[in-house]
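Please examine the sequence and the structure shown here before reading the notes that follow.

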Amino acid sequence: MSSAKSLLIRQARVILPNGEFMIGDVLTQSGKIVEVASEISNATPTQEIDAQGLTLLPGVIDPQVHFREPGLEYKEDLFTASCACARGGVTSFLEMPNTRPLTTSQSALDDKLERAANKCLVNYGFFIGATGDNLTELVSAQPTPGIKIFMGSMHGQLLVDQETVLEQIFAHGSRLIAVHAEDQARINQRRQEFAGIHDPAIHSQIQDNQAALNATQLALKLSKKYQRRLHILHMSTAEEAELLREDKPSWVTAEVTPQHLLLNTSAYQTIGTFAQMNPPLRSPHDNEVLWQALRDGVIDFIATDHAPHTLEEKGQTYPNTPSGMPGVETSLPLMLTSAMAGKCTVAQVVNWMSKAVATAYGIPNKGEITPGYDADLVLVDLNTYKPVKREEVLSKCGWNSFEGWNLTGWPVTTIVGGEIVYDQGKVNTEIRGQALTFLS
């Protein structure tokens, strides 16, 4: 991208770092925000946007996605996924290691970074995946936001469910460990108990609240023993939220997905396998406890766990259907619609989807609209409601679990590094994001 370009956004409703709003102008140059003021009159920008009536937010940082490249590009790839990000106001993402080959070595990490540099319209980072025997790589691989451990809901090398192996990982090195916390032994046992049932709703009973709680308790125990930086991915249960409310060391963080806040087990009746994910959807009570934990700061931020599968795969009969749903295109409108409905404030959404993520992962100069910060921004329309439509989905999978939901806060313009990557429904496929850096 051209380093000399400048962009002036005029008369937007700008959210400031203190959470307050100001009607004003924002000037970016060479990929950075250089001025925020009620009026900027002395600039001669390369490009100008009339943002009257629109709200300017920091770009979303989605800290948990599965973009399927390499090896599973028939579901999604880095180009299609980053187009979907641009449409959803997601300007940076952190991607998970369960691709083919697995991202469990420096060479596999380097390969992903090279692919992303060539294909990604937004900024990117990639987790290193833990196996039972790659401890050296887990300590040394660079650059990465952290180590991903699948304690359950996985098979093959990436399943790390033995406490002795987990303890070795927690005991060595200092970088962040992010856990998919489900108890695989309990899941295996309950799969046998419920074998032969083809209603996808049984998924939430097989991988029940107790399976999630068991694994989160173990991860917390090991984190406390070694004072090791721990992040709990896609927390889904009231029990886990209450556990952290009682006992959350300063070095522990947690996230929740929009679907675990807004969908529950009733969704199986209406959308069937499109509601199937890991960890599964829970009860309305879990929804409410998770919301309260998020508002109270027990849960720190939002992630989508964007995990697309083809319509053909989702059309099979449970348990042959894969778990996961896409999310990057709808996460910001879903959360802003919740804010408009009084569940939270827009300032809280910005913190949960931008600033708190940057802080947790040590990503410098992102998550605020302030001079010196990167010009990763999104203009949203909070005055108009539009439904989620399948034909507008940019993710390669071509569907969304929130189809038909009437949402506000849809991105009108998405800006990455001072460049307009999405505007009025059109993606600029010439833009390329940059590799994220992580301060230890």
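The model is predicted. Its largest pocket has a volume of about 960 Å³, and helices α7 and α8 pack with their axes 8 Å apart.

**The largest pocket**
- A total of 41 residues line the largest pocket, and Ser153, Met154, His155, Asn278 and Ser323 lie nearest its centre.
- The lining comprises 15 nonpolar, 20 polar and six charged residues.

**Packing of two helices**
- Helix α7 (residues 209-226) packs against helix α8 (residues 238-246) at an angle of about 25°.
- Because angles under 35 degrees count as roughly parallel, α7 is described as roughly parallel to α8.
- On the α7 side, the residues in contact are Asn209, Ala212, Leu213, Thr216, Gln217 and Leu220; they meet Glu239, Glu240, Leu243 and Leu244 in α8.
- By class, this contact has five nonpolar, three polar and two charged residues.

**Cis peptide bonds**
- The bond from Gln142 to Pro143 is cis, with omega near -10°; Pro143 is found in the loop between α3 (135-140) and β10 (147-150).
- The bond from Asn278 to Pro279 is also cis, with omega near -10°, and Pro279 lies in the loop between α10 (267-271) and α11 (284-296).

- Ser30, in the loop between β2 (21-29) and β3 (32-37), has a phi near 50°. Ser30 counts as partly exposed because its relative accessibility is 45%.
- His234, in the loop between β12 (230-232) and α8, has a phi near 25°. With a relative accessible area of 2%, His234 is buried.

Technical notes. Residues are numbered from 1 along each chain as its sequence is written. This is a predicted model: local features need pLDDT of at least 70, side-chain atom pairs count only at pLDDT 80 or more; totals for chains, interfaces and linings use all residues. Side-chain values use heavy atoms; hydrogens and water are left out. On a 1 Å grid over the protein atoms alone, a cavity is a set of points where a 1.4 Å probe fits but cannot get out, and a pocket is an open set with protein on both sides within 12 Å along at least five of seven lines; lining residues have an atom within 4 Å of a point. Grid points are joined across faces, edges and corners, and a volume is the space filled by probe spheres set on the points. Ala, Val, Leu, Ile, Met, Phe, Trp, Tyr, Cys and Pro count as nonpolar, Asp, Glu, Lys and Arg as charged, and the others, Gly among them, as polar. Axes are lines fitted to C-alpha atoms, for helices over the stretch in contact, and angles run from 0 to 180 degrees between N-to-C directions. Helices (H or I, at least four residues) and strands (E, at least two) are DSSP runs, numbered from the N terminus. Angles under 35 degrees count as roughly parallel, over 145 as roughly antiparallel, 65 to 115 as roughly perpendicular and the rest as oblique. Contact means heavy atoms within 4.5 Å. Buried means under 20% relative accessible area, exposed over 50%, partly exposed in between (1.4 Å probe, protein chains only).
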